[in-house]
Amino acid sequence: MNEYSAVLLRGGTVLPMDDARSVLTGTDVLVVGDRIAAVGQDLDTPDGALVVDAADGIVMPGMIDTHRHMWQTAMRGYGADWTLTQYFVWFYLDHGRLFRPEDIHAGNVLAAIEALDAGVTTVVDWSHGLRTVDHADAAVDALRSVPGRHVLAYGNIQAPPAEWTAAPEFRDFVARRITGDDMLGFQLAFDVTGDPAFPERPAFEVARDLDVPVTTHAGVWGATSDDGIRLMYDNGFMTERTVYVHAASLSADSYQRIAATGGSVSVSTESEQSAGQGYPPTWAMREHGIPVSLSMDTSVWWSGDLFSAMRSTLGADRSREHLAAHAEDRTVTHCSLRAEQVVEWATRGGAHALDRADLGTLAVGAKADVVLIKNDHSPVSFPLLNPYGHVAFQAQRGDVHTVLVDGRVVKHEHRLMGIDLAAARRGVESTVNHLRAAMGEEAWRTGMNPDIPETKVLDNPYTYTEYRSAATHSGTVGA
Ligand SMILES: [Zn+2]
């Protein structure tokens with residue numbers, strides 16, 4: 001733990017994420033032990049406290065990501081040009097089995113460090129590469145080795161959920177590793193195919209028996225549909241703690257069932273925009289009154305910070321609103337989705353999804369997961385006029401100055417504390433070397449460079465230059 005008895009963040013612009021969406025300027029936040037002890041002006045400094053000058057900065061709760069395949073961070077950026085089809089082929093069919101327990105460990109360690117660095121203090125590790133319990137033990141070992149708050153969402157894409165949840169070694173794992181510690185929560189992670197025989201029923205029953213939530217990729221174009229939602233609903237498996245990931249291509253009827261049963265949707269806008277699950281559904285969530293949290297999905301393609309998630313979510317929602325209006329020859333004069341709403345989704349929204357009222361807020365008594373956004377060396381740090389807008393559209397991970405998790409300082413003055421980045425790098429390098437050798441160079445290269453569909457350049461009577469940009473260029477990365 002800290003060498004400090006307390007931490008005082010002095011004189012910042014504080015976003016406590018209360019119901020009023022308050023903005024408190026020139027305000028101190030005092031952390032004692034693992035809790036928020038006080039929020040106010042001119043607080044006394046306890047003896048032995050670390051005092052952090054938060055002037056010109058924004059103090060807010062740690063952000064919460066409700067869906068991140070942390071094991072895949074070992075392949076950071078590899079799938080930048082993929083669609084969902086290429087992802088499924090690569091991970092589910094061709095190469096997911098190549099991941100050894102140490103590879104799960106390597107990806108998880110790097111992902112956990114990356115999250116802390118960006119002020120994401122709680123991550124749901126949507127861990128669907130756990131094809132043996134040794135893999136699961138490695139995942140937990142990794143999460144335990146980094147001082148973030150995690151929820152292991154246990155999954156295994158290589159076997160039917162009814163099979164792996166019934167295995168005695170799975171139940172043994174739960175008994176051994178999931179001990180009720182509030183730094184490591186637990187969910188079951190599997191998808192519902194829509195097969196009318198409902199083969200996922202036994203897995204839902206295991207979740208009910210263990211009293212843990214289910215998180216499921218729902219409304220993924222071409223993969224999961226309204227059929228799965230209907231089966232879950234008709235069999236009584238939609239609960240307030242169920243998290244529906246993406247929910248991007250469902251009918252109004254499915255959204256109504258989700259709303260009526262009190263579940264929440266984890267929106268991964270960067271993912272939905274480029275992989276093809278469906279349009280990022282925040283517009284539909286607003287219409288149906290469904291609670292939203294944010295997530296980044298996987299670093300195989302996308303950025304592991306929620307600044308990008310907030311920014312892309314605002315952009316996608318507003319873009320759709322404008323296009324829908326233009327199609328009716330109307331002009332949108334007032335944006336429906338506001339910056340303060342996406343900041344709330346990135347904090348309280350995640351806490352709600354995880355049924356953790358003590359997270360995602362700076363209320364006195366809440367867990368001390370705190371982020372200070374402040375960068376005195378950056379021309380983007382001022383003027384600080386609209387703090388919610390600043391968080392959503394101006395700030396970046398490099399502006400994350402200080403991070404506390406459970407009262408512990410894990411990043412300070414832009415530097416991670418007590419983190420062995422060199423060891424994380426060695427782990428990931430070893431995984432990359434293993435995968436590359438096991439796949440072979442040809443498969444490695446073609447996996448990263450999917451074919452580009454032919455683009456026909458339209459005839460243009462005004463064309464007078466030989467230059468073509470997108471249509472004729474075809475590069476291969478890492479050849
Ligand atoms: Zn996912």
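Biologist: Which residues does phenylalanine 186 touch, not counting residues up to four places away in sequence?

Modeller: Keep in mind that this is a predicted model. Phe186 is among the residues with the most contacts inside the largest nonpolar core. Its partners are Val151, Leu152, Tyr154, Phe170, Phe173, Val174, Ile178, Val212 and Pro213.

Biologist: At what angle do helices α7 and α8 pack?

Modeller: Ile229 and Tyr233 are among the α7 residues that meet α8. The crossing of the two helices is left-handed. Their axes lie 10 Å apart, and the angle is about 35°.

Biologist: How many residues apart in sequence are the parts tied together by arginine 21 and glutamate 344?

Modeller: The two side chains meet in a salt bridge, 2.9 Å from N to O. Arginine 21 lies in the loop between β1 and β2, and glutamate 344 lies in helix α12, so the pair ties together parts whose separation in sequence is 323 residues.

Biologist: Is aspartate 317 buried or exposed?

Modeller: Aspartate 317 lies in helix α11. Its side chain forms a salt bridge with arginine 286, which is partly exposed at 34%. Buried means under 20% relative accessible area. Aspartate 317 has 1%, so the answer is buried.

Methods:
Residues numbered from 1 in each chain as written. Predicted model: local features only at pLDDT ≥ 70, side-chain atom pairs only at ≥ 80, totals over all residues. Heavy atoms only, no water. Core = buried A, V, L, I, M, F, W, Y, C linked by side-chain atoms within 4.5 Å. Buried < 20%, exposed > 50% of the residue type's maximum accessible area, 1.4 Å probe, protein only. Contact = heavy atoms within 4.5 Å. Axes fitted to C-alpha atoms, helices over the stretch in contact; angles between N-to-C directions. Helix = DSSP H or I, 4+ residues; strand = E, 2+ residues; numbered from the N terminus. Left-handed = near helix turned anticlockwise from the far one by under 90°. Salt bridge = Lys/Arg side-chain N within 4 Å of Asp/Glu carboxyl O.
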